[in-house]
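Please look at the sequence and the structure shown here, and then read the short report that follows.

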Amino acid sequence: MPTLGDVLLAAALALAVYGIVVTWLGVRRRDSRLWWSGQGAAVAVAILVSGAVATLEYLLVTSNFAVADVAEETSRGLSLFYKMTALWAGNAGSLLFWVWILSLYTAFIAVRRHRDGQALVPYALPVLLVVITFFLGLENFVVRPFALLPAPAYDGGGLNPLLQNVWMVIHPPNLYLGLIGMTIPFAFAIGALVKGQMDATWVRMTRRWTLVAWMFLTAGLLLGGYWAYIELGWGGYWAWDPVENSAFMPWLAATAFLHSSMVQERRGMFKAWNVVLIVVTWLLTILGTMLTRSGILVSIHAFTGAGLAPYFGGLLAVAGVGSLALIIKRRALLVDDRKLEAAVSRESSFLLNNFLLLAATVAILWGTMFPLVSRYLLGQTLTVSTGYFDAIMAPVGLVILLLLGLGPLIAWGRVSWSNLVRHVTLPVIVGVAAGASTTLWAPALYGTNAYGADLALGGVAFTLTAVASEFYRAVRARRALNPGQGILGTLWALIDHNRQRYGGYIIHIGTALLILGIVGSFYFTQKATLDLTTGQRVRVGAYTVRYLGNRQHASGEDIDVAARLRLGGGAMVTPGQVIYPGDPQPVARVAIHSTPVGDFYTVLTSWSGSNHATVEFVLNPLISWIWIGGMVMVLGTLLALGVGGAPATEWAWTPPPLLEEAPAAGESP
Amino acid sequence: MGRRYRIYASALVVALALGYIGANGFKHFTEFYMTVGQFDAHLSHMVGQPAQVMGQIDGPTVVSRPATDYLGFDLTQGDKRLKVVYHGVKPDTFSGTVQAIVDGRLTRGGVFVANQLLVKCPSRYIAKPVG
């Protein structure tokens, strides 16, 4: 069985290389049959890699401990479900998962006819296959998922109890779908450069794909954040750990692209910048993969020294230099159709947004890579603490927050000042009022305040009001034309009519809500650790808590001890410790009473008998808005993608007609 | 002043502001990062310096008094060890077999007082011994 896996991976590699050659030749010779063959190869690669994944799944499920990956990540006692998800638990398996997703994306691109920009597909496909070839090369020669142990193990090492939860099941796939998905816009950008067709087509095509990847990346980041929030010792929902940063940086760059690409579509500007952005986004995903898997930076989430750095370094260098060379070669096609007309316009607000997002990316990159840089330059590893990242992100985040509200109010081209002033008056008043009132209620409620919080909460109020008033105006205008329609019906018709715009605005609302949660939990968190005896009543912040003693119960082989706490409103909170068989160390099970006002977060740190417990209480004001905001962002993205609308692609087995076209301008023979 | 110059000038102002914030943050938040062995070799210089130290938690040395939020343990690398005190909740993944990164300062008494304790994600990822 392991041999079958090896054979499938080898065949996939061979076919991927074949696919590169024939798709490329098909394009060069304008030969549809060659292209067709390459299309088939792309599909075959996906089928073969799927076969390899199925093989590894079979080995995992049947506990074939002759295979190193199976023995390292699972054990006999592990439930079927976690045996299956152990696919992406190890280095080799997760790389296989990686290339599997990429091959599926690629096959989809190959067989779907895009209504718009199908002419670019033959140029993008070889690029995708090159990336697949790189990862399949790793799988075949460097980190082999089907590598055998010298002698089969009797039992495997097992999956750490901490990873046996729903978050391990959903967080990595989302993150992977996001990171890997960025390969598609990159491939189209490179394809467009090679073809020499730098109009807005590639941007239109890739924006949808970038949006898909961006949505998964957003979800993946937030799911990871939530997981780290409920797990102790990972530094809370965000710790500026290199692995977290390496997923956040491409997110920032992709966010910049999603905005600046609109400028190219609407105004024919920022052409070169867009290509650079999408290349940078993809390079950052590869850099992130390298940091996570090479062990060159110390992270609590990284794989340890698997020796992959040179390969990823090589890919980064080749792709980076190659892309740059192509961009320089095509610079004549990347000249903007027009110049910025006014210092204040939608375009210039996008420019500022891009500038800030990129500055944040560079600052985070610098902070993340600094241990490496200092080791080589100074001979001493230095690192920056989280304070560095906070110091940068607070002001940058504040301006971005204001732009979230201001951007939608600013017109394209040249702004009408009287209109702008009329539209920002209410949001400004609400924002200032909210910020000023924070200085009153925050100290009363949380015993503390910070001017950063005042500014940020004012910003959130400004942005929410600005976007809401934009919706209000649009709904009102529509209702004037069609008075018979209800408000919700009009709202839906409005969104459906221009999904890109209103989906985007909904994402802005989600982002503002997410920032609200960050601000609350960053500035106003309170902590207390208390020894409790049964019957005792204590006050923690605004909460009254009564301790009702401990309860012990067994679920399967696990023993769960929980402290029973009753809140003033009657809600029960039962933080516990779980003792897993064979693991002397109990694992804390935090209990959270979550409301929009704040989380009441409890950790049972120790207990004795049934009447004594030591509990750490953490009050995290507003934190649930992070997750609510995240869900709104994903919802907005789905709307922007046109879920519920007409599909942008259709099935197509026939070769694209463009192959018979005359050579595109600027194409080398 | 022309439109373009105004745009360039604003860009410059924003860039300078960001540069200042970045440099300032950098100045205040840079610290040493060492393994226990490296830390041990520079021990005399490290008193009072903010630093992150990584090592293996030595199981038998762990003293945990949750009632006072006290957690004491030795971080080791080979035969080198560093006495660490941390005030806070013991992380889930904390055990005598995992690697940890402590962030804090060395006191004159030779005890490293950590204000942050991060424990290596247990996973999946096969831990290689430090060093």
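## Around A253(A)

Leaving aside residues up to four places away in sequence, A253(A) touches L277(A), V280(A), T281(A), L284(A) and T361(A), where two residues are in contact if their C-beta atoms, placed from the backbone, lie within 7 Å. This is a predicted model, in which local features need pLDDT of at least 70 and side-chain atom pairs count only at pLDDT 80 or more, while totals for chains, interfaces and linings use all residues. Residues are numbered from 1 along each chain as its sequence is written, and chains are lettered from A and ligands numbered from 1 in the order in which they are written.

A253(A) belongs to helix α10 (residues 242-267) of chain A; helices here are DSSP runs of H or I with at least four residues, numbered from the N terminus. A253(A) counts as buried because 26 other C-beta atoms lie within 10 Å, the cut-off for buried being 20 or more such atoms.

## Helix α2

Helix α2 (residues 32-61) of chain A has 30 residues and spans 43 Å from its first C-alpha to its last, close to the 44 Å expected, a value that is 1.5 Å times one less than the number of residues. After α2(A) comes S63(A), whose phi is positive, near 50°.

## Domains 2 and 3

Chain A is divided into domain 1 (1-164), domain 2 (397-524 + 625-640) and domain 3 (526-621), with bounds that come from an automatic or database domain assignment. The C-alpha centres of domain 2 and domain 3 of chain A are 37 Å apart, and six residues of domain 2 of chain A are in contact with five residues of domain 3 of chain A.

Methods
Helices (H or I, at least four residues) and strands (E, at least two) are DSSP runs, numbered from the N terminus. A residue is buried if 20 or more other C-beta atoms lie within 10 Å of its own, exposed if 12 or fewer, and partly exposed in between; C-beta atoms are placed from the backbone.
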